[in-house]
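Welcome! Here is a friendly briefing for anyone meeting this structure for the first time. Have a look at the sequence and the model, and then read on.

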Amino acid sequence: MTAAAPLASETAPSGQIESIQALRAIAALLVVLGHAAHETEAIGARVGLPAIDLSFMRWGIGVDIFFVISGFIMVHTSADLFGRPGAWRVFLTRRIARIVPLYWLLTSILLLGGLAAPQLLNVPLGDWQHILASYLFIPSLRGGDETRPVMALGWTLNLEMFFYVLFAGAMLLPLRRGMAALTLVIGGLALAGMLLQPAQVQLAFWTQQIILEFLFGCLLALLHRQGVSLPGPGAALLVVLGFAAIFRIHGLDAGETTLPALRWGIPAVMIVAGAALYRGAPPRLALLLTGLGNASYSLYLFHPFALRPLREVWIRLVGGSLPLEIYIAVAIAVAAVASTLLYRWVERPIGRRLRFPSTTGTAREQRPAMDRSRWAKDGEAGHTAG
């Protein structure tokens with residue numbers, strides 16, 4: 001590991017790190033893979049084929065990667081704004097403008113669909129308080145024992161929004177003191193959750209150990225900001241080892257006994273570090289995945305809307321004539337194409353319409369051109385969730 005000035009090839013003109021954008025695509029595709037495999041349980045039961053079992057791997061590592069990337073991107077795009085008047089307000093407003101419109105749109109579609117055909121839902125919609133909490137990103141019980149919003153995938157956004165509030169509070173201070181305060185707060189919340197195990201729904205949700213993964217990403221961004229870099233072989237080794245850790249090997253996997261923040265957070269950090277700290281030209285695969293990485297938020301939120309209808313079409317038209325592995329491949333392709341179109345026709349146009357001046361006048365005048373570019377592109381480089 002060496003310290004060096006960033007090379008021109010490390011980022012796109014917008015300030016995006018192309019390898020990180022590609023990693024967002026991979027993380028989203030892992031989530032789609034897991035949910036597509038879950039759909040094979042219903043398909044297999046109706047066509048007489050065994051479901052695809054992915055228990056040998058943790059496909060949910062995609063969410064852990066998303067959370068680490070989220071912390072990284074927040075620092076990467078707004079480190080120079082710490083301590084500046086009004087920056088926290090601009091940050092929160094931009095995050096809301098980035099996250100809320102598509103999520104509210106798809107949640108509303110799900111609600112309308114559930115009211116019209118409730119038999120299509122796995123879990124009832126819940127009462128009006130649960131629906132309101134879902135729109136406001138407040139953790140709420142669904143079905144009596146599961147803390148999920150109306151749109152189940154939105155649990156990650158509930159945690160993202162909480163992190164954004166904490167991060168905005170840290171922005172009231174200069175960078176070093178702000179990051180120290182954020183470390184103490186997030187670390188304290190995770191420790192309190194582990195020791196006290198609160199029963200209250202919101203407290204239990206906000207003190208999950210997984211919140212540490214946002215902090216890991218923030219600290220990684222500080223290393224990147226200091227010019228720390230990895231040579232190509234070292235970066236590749238980190239990524240390979242990180243992904244290797246998602247496979248469960250009987251007798252060796254410590255997933256049931258190790259702290260989740262370490263068991264899954266550390267591999268996620270290794271993967272993101274390999275992508276973020278490599279300063280050379282991005283691999284060709286990364287360039288190919290960048291476009292899907294830009295659409296990863298749409299892919300994450302929308303893919304269930306593609307998988308469920310495809311499941312019914314597959315049962316009627318294909319039945320048991322083809323292996324269910326082919327269904328998974330087709331499902332991933334359909335979800336990727338549909339989500340890319342959603343990004344181009346809905347998510348990106350809404351984001352452009354909601355874009356406004358980056359910062360208050362005084363702060364903006366003092367910022368270099370590249371910093372303003374990165375701040376302006378925060379909307380496209382931001383959410384990770386999962």
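Is Val90 buried or exposed? Val90 is buried, because its relative accessible area is 11%, and buried here means under 20%. Please keep in mind that this is a predicted model. The points below go through helices, single residues, aromatic rings and a pocket.

- At 1.5 Å a residue, the 30 residues of helix 1 should span 44 Å, and the end C-alpha atoms are 42 Å apart, which agrees.
- Just after helix 1 comes Gly48, with a positive phi of about 80 degrees.
- Helix 2, made of residues 61–78, should span 26 Å at 1.5 Å a residue for its 18 residues; the distance between its end C-alpha atoms is 26 Å, in agreement.
- Helix 2 is also mostly covered, with 18 of its 18 residues buried.
- As background, an α-helix has 3.6 residues a turn, so residues three or four places apart point the same way.

- Val90 belongs to helix 3, which runs over residues 87–116.
- Val90 and Ala168 are 78 residues apart along the chain, while their C-alpha atoms are separated by 9.2 Å.

- Thr156 sits in helix 5, residues 155–170.
- With a relative accessible area of 0%, Thr156 is buried.
- What does the side chain of Thr156 reach at 3.1 Å? At that distance lies the backbone oxygen of Leu153.
- The side chain of Thr156 also makes a polar contact with the side chain of Tyr300, at 3.0 Å.

**Aromatic rings**

- A pair of aromatic rings is described by the distance of the centres and the angle of the planes.
- The model has 15 aromatic pairs.
- One of them joins Phe67 and Trp155 edge-to-face, at 6.1 Å centre to centre with 85 degrees between the planes.
- This pair links distant parts of the chain, since Phe67 is in helix 2 and Trp155 is in helix 5, 88 residues apart.
- Both Phe67 and Trp155 are buried.
- Trp314 and Tyr327 form another edge-to-face pair, with centres 5.6 Å apart and planes at 70 degrees.
- Here the link runs between helix 13 (residues 296–317), which holds Trp314, and helix 14 (residues 324–354), which holds Tyr327; the two are 13 residues apart.
- Trp314 and Tyr327 are both buried, and the relative accessible area of Trp314 is 6%.
- Trp314 and Ala331 are 17 residues apart in sequence, and their C-alpha atoms are 9.9 Å apart in space.

**Two loop residues with positive phi**

- Phe137 is not a glycine, yet its phi is positive, near 60 degrees.
- The place of Phe137 is the loop between helix 4 (128–135) and strand 2 (141–142).
- Phe137 is buried, with a relative accessible area of 9%.
- Gln197, also a residue other than glycine, has a positive phi of about 45 degrees.
- Gln197 lies in the loop between helix 6 (175–196) and helix 7 (201–206).
- Gln197 counts as exposed because its relative accessibility is 61%, and exposed means over 50%.

**The second largest pocket**

- Rolling a probe the size of a water molecule over the atoms shows where empty space is left.
- The second largest pocket holds about 350 Å³ of space.
- Its lining has 17 residues, and the closest to the centre are Ser19, Val239, Ala275, Pro283 and Ala286.
- Which helix gives the most to the lining of the second largest pocket? Helix 9 does, with 5 residues.
- By class, the lining of the second largest pocket has 14 nonpolar residues, 3 polar ones and no charged ones.

Definitions and conventions
Residues are numbered from 1 along each chain as its sequence is written. Side-chain values use heavy atoms; hydrogens and water are left out. On a 1 Å grid over the protein atoms alone, a cavity is a set of points where a 1.4 Å probe fits but cannot get out, and a pocket is an open set with protein on both sides within 12 Å along at least five of seven lines; lining residues have an atom within 4 Å of a point. Grid points are joined across faces, edges and corners, and a volume is the space filled by probe spheres set on the points. Helices (H or I, at least four residues) and strands (E, at least two) are DSSP runs, numbered from the N terminus. Ala, Val, Leu, Ile, Met, Phe, Trp, Tyr, Cys and Pro count as nonpolar, Asp, Glu, Lys and Arg as charged, and the others, Gly among them, as polar. The expected span of a helix is 1.5 Å times one less than its number of residues. Buried means under 20% relative accessible area, exposed over 50%, partly exposed in between (1.4 Å probe, protein chains only). A polar contact is a pair of N or O atoms within 3.5 Å; within protein, one must be able to donate a hydrogen and the other to accept it, and residues adjacent in sequence count only if both atoms are side-chain atoms. Rings of Phe, Tyr and Trp (its six-membered ring) pair if their centres lie within 6.5 Å; planes under 30 degrees apart count as stacked, over 60 as edge-to-face and the rest as tilted.
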